[in-house]
Amino acid sequence: MPWNMKDYPESLKNFDPLVKKKAIDIANALLAQGYSPKKAIPIATEQAKKWHADASREEKQAFDDAPDPQKTDRHGT
């Protein structure tokens, strides 16, 4: 079940919008690779937090400007 910025796991509700967007993007990619939602969510959350801490201002702006994740995203599958 892919997610988007309006329909996402409850555990992401209080996240900064950019971290939430990145976590959704990563989680959708993991789902497309066959991960279960139960495993994808914590992995995506941790990776999104790390990305946000390490990304440059330009990287964050570029990701913020990119289209929001969609439920139909297939991430290469």
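Colleague: At roughly what angle do the axes of α2 and helix α3 cross?
Modeller: Helix α3 is residues 57–65, a helix being a DSSP run of H or I, at least four residues, numbered from the N terminus. Axes are lines fitted to C-alpha atoms, for helices over the stretch in contact, with angles from 0 to 180 degrees between N-to-C directions. The axes of α2 and α3 come within 8 Å, and they cross at roughly 130°.

Colleague: And what kind of model is this?
Modeller: Residues are numbered from 1 along each chain as its sequence is written, and side-chain values use heavy atoms, leaving out hydrogens and water. Local features need pLDDT of at least 70, side-chain atom pairs count only at pLDDT 80 or more, and totals for chains, interfaces and linings use all residues, since the model is predicted.

Colleague: Which residues of α3 make the contact with α2?
Modeller: Contact means heavy atoms within 4.5 Å. On the α2 side you'll find W51, H52 and D54. Facing them from α3 are E59, K60 and F63.

Colleague: Okay, α1 and α2 next: are they parallel or oblique?
Modeller: Their axes come within 8 Å and cross at roughly 135°. Under 35 degrees counts as roughly parallel, over 145 as roughly antiparallel, 65 to 115 as roughly perpendicular, and the rest as oblique. So α1, relative to α2, is oblique.

Colleague: How many residues of the α1 and α2 contact are nonpolar?
Modeller: Among the residues making it are L18, V19 and L30 of α1, plus A44, A48 and W51 of α2. Ala, Val, Leu, Ile, Met, Phe, Trp, Tyr, Cys and Pro count as nonpolar, Asp, Glu, Lys and Arg as charged, and the others, Gly among them, as polar. That contact has 3 polar and 2 charged residues, and the nonpolar ones number 13.

Colleague: Is L30 buried or exposed?
Modeller: L30 sits in helix α1 and touches Y35, A40, I43 and A44, not counting residues up to four places away in sequence. Buried means under 20% relative accessible area, exposed over 50%, and partly exposed in between (1.4 Å probe, protein chains only). L30 is at 9%, so it counts as buried.

How values were computed:
Helices (H or I, at least four residues) and strands (E, at least two) are DSSP runs, numbered from the N terminus.
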